[in-house]
Amino acid sequence: MGVTITGWGTALPDKVITNADLEARLDTSDEWITERSGIRERRIGDSCAELAIGAGRAALARAGVAPADIDLLALATTTPDQSVPATSAHVAFELGLTCGAFDLNAACSGFVYSLVAASGMVGGHVGRVLLIGAERLSRITDWEDRSTAVLFGDGAGAVVLEAVDGPGDLLAWDLGADGSLRPILYADLHGYITMNGREVFRRAVRAMVDSAQATLERAGVSAAEVTLLVPHQANIRIIEAATQRLGIPMERTAVVLHRTGNTSSASIPLALADAAESGRLSPGDLVLLCGFGAGMTWASALVRWSAAA
Ligand code: COA
């Protein structure tokens, strides 16, 4: 059996922090942040579970699926609310799910990792999966550190996956991890995000391009056939460099980071849902999801869009 995406939803905290707000409290400027990252504002607040519940509920409504009909919950997050238990247990309870639920941490690649993992579990008694990427990065951001505080935000995005006969709409994927690169981006337990920005930038472009190309090759699809690239929303310059190398123009790339900042596991489903909501996707379209993150991890997946506009 394969899977298809039948619903999507998002949740963002109410509190908006603009570049001007950061300018007022840090040695930075709107011009620097916009030029170097493309980010203009981000939203912060709510717990990881609250955001995940909001996005999950919206995705269930959009798919027209009752909580009782969900057979598995996968929550991608790098900022769970507690070490134990998994945040997915809280989310499952609040949504009224009674199925198995697990958290997955692959940093900013987490949503695509979860998509691949959950798709492999579909079949038998698992017919519908709720897949959520949710983050409260503001909890592990040092708001006095201008090199990271300007980049991150909170949010959540979700999709409903349903089993279909035949190969389904996940056409190919690529997952990777290189733990030798742990020191360039990490947060210790109870600590803040520490990052070598230049090194992450350099590695990120290469990882995205290589992973996306591996996925396209496995699917036998060319970059020209991709309707929409949905990249991890970390930095507009990383996205521009990757799209240039992949030969996919920015007009065919989903971008929401100017208003969300980098929301890690939530960024790809936020951008995907935005594209679906704004009518950029039609049945038959080929969508290339592509992420990278701490670890370093990378992940890409080629999905055929089947949901009606
Ligand atoms: N405002 C103003 N100046 C800042 C600043 C800020 N918020 N943050 C850093 N600077 C300064 C630096 O101190 C440095 O000053 P110096 O030249 O006097 O030493 C200067 O700006 C340039 O810093 P640099 O780190 O070389 O800038 P950059 O062009 O590499 O851009 C990032 C910095 C962080 C925006 C960029 O490296 C990046 O986006 N990296 C990837 C980060 C990422 O995506 N992380 C998440 C991965 S999932």
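Predicted model: local features only at pLDDT ≥ 70, side-chain atom pairs only at ≥ 80, totals over all residues.

1. A polar contact is a pair of N or O atoms within 3.5 Å.

2. In T28, an N or O atom of the side chain is 2.6 Å from a nitrogen atom of the ligand. In W32, a polar side-chain atom lies 3.4 Å from a ligand oxygen atom.

3. The shell as a whole deserves a description. The ligand is surrounded by 21 residues, of which T28, R36, G197, R198 and N235 are the closest. Sorted by class, the shell holds 10 nonpolar, 6 polar and 5 charged residues.

4. Which helix gives the most to the shell around the ligand? It is α7, with 4 residues. At least two shell residues come from each of α2 (30-37), α6 (146-149), α7 (197-219) and α8 (236-246).

5. The domain arrangement gives the setting of the ligand. The protein is divided into domain 1, covering 2-164, and domain 2, covering 170-304. Because both domains give residues to the shell, the ligand lies between them. The C-alpha centres of domain 1 and domain 2 are 15 Å apart, and 48 residues of domain 1 are in contact with 43 residues of domain 2.

6. A separate point concerns T79, which is found in the loop between β4 (72-76) and α4 (87-95). Is T79 buried or exposed? Its relative accessibility is 0%, so T79 counts as buried, the cut-off for that class being under 20% relative accessible area.

7. The surroundings of T79 can be listed. Apart from neighbours within four places in sequence, T79 is in contact with C48, A134, E135, R136, L137, R139 and I140. With one of these residues, E135, T79 forms a side-chain to side-chain polar contact of 2.6 Å. S47 is 32 residues away from T79 along the chain, and the C-alpha atoms of the two are separated by 9.2 Å.

Methods: Residues numbered from 1 in each chain as written. Heavy atoms only, no water. Near = heavy atom within 4 Å. Polar contact = N/O pair within 3.5 Å; in protein donor to acceptor, adjacent residues only side chain to side chain. Nonpolar A, V, L, I, M, F, W, Y, C, P; charged D, E, K, R; others polar. Domains from an automatic or database assignment. Buried < 20%, exposed > 50% of the residue type's maximum accessible area, 1.4 Å probe, protein only. Contact = heavy atoms within 4.5 Å.
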